[in-house]
Amino acid sequence: MDSRVVLEGLTQGTLGSSVFYEVLLKEAITRVVGIVAIQKPATKESPAYISFLLIDADFRGRGLGHDVILLLDKELAQFSDTILLHVSPPSPSLIAFWKRNGFVTVCLLYTSDAADDSLRV
């Protein structure tokens, strides 16, 4: 990991009924370079959901997304055994990223435009 980039951990916030985690990745503690939003399940039997994971384009390919997923997995394991997400728009590179990080395709959702992949770990 680039020495200028610090993986800060999870700082929790809420937006409506969604829980999000922010300031996960900072460059020199001055620039946010990533953000992720999740929805925690109501029960342990229900899945957690990753609403989005964004990494600044200048910082992609450095393993930061993988590190965030490891943190999320640890955090969400308290609430559920399953994590779901929806890749939209469908992108082969995004689908490959999630699969490299342990997610598998559980269904394809078809719209009038294209097929979207829904993935879970």
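Modeller: A residue is called buried under 20% relative accessible area, exposed over 50% and partly exposed in between, with a 1.4 Å probe and protein chains only. Helices (H or I, at least four residues) and strands (E, at least two) are DSSP runs, numbered from the N terminus. The model is predicted, so local features need pLDDT of at least 70 and side-chain atom pairs count only at pLDDT 80 or more, while totals for chains, interfaces and linings use all residues. Residues are numbered from 1 along each chain as its sequence is written, and side-chain values use heavy atoms, leaving out hydrogens and water.

Helix 2 spans residues 92-100, and its residues Ile95, Phe97 and Trp98 are buried. They lie on the same side of helix 2 because they cover an arc of only 155° around the axis, the arc being that of the directions from the helix axis to the C-beta atoms. On the face turned away from this buried side, helix 2 carries the exposed residues Pro92, Ser93 and Arg100. After helix 2 comes Gly102, with a positive phi near 95°.

Rings of Phe, Tyr and Trp (its six-membered ring) pair if their centres lie within 6.5 Å; planes under 30 degrees apart are stacked, over 60 edge-to-face, and the rest tilted. By this rule there are two aromatic pairs. Phe97 and Trp98 pair edge-to-face, at 5.1 Å centre to centre with 80° between the planes. Trp98 and Phe103 also form an edge-to-face pair, at 5.0 Å centre to centre and 80° between the planes. Trp98 is buried, with a relative accessible area of 7%, and Phe103 is buried at 4%.
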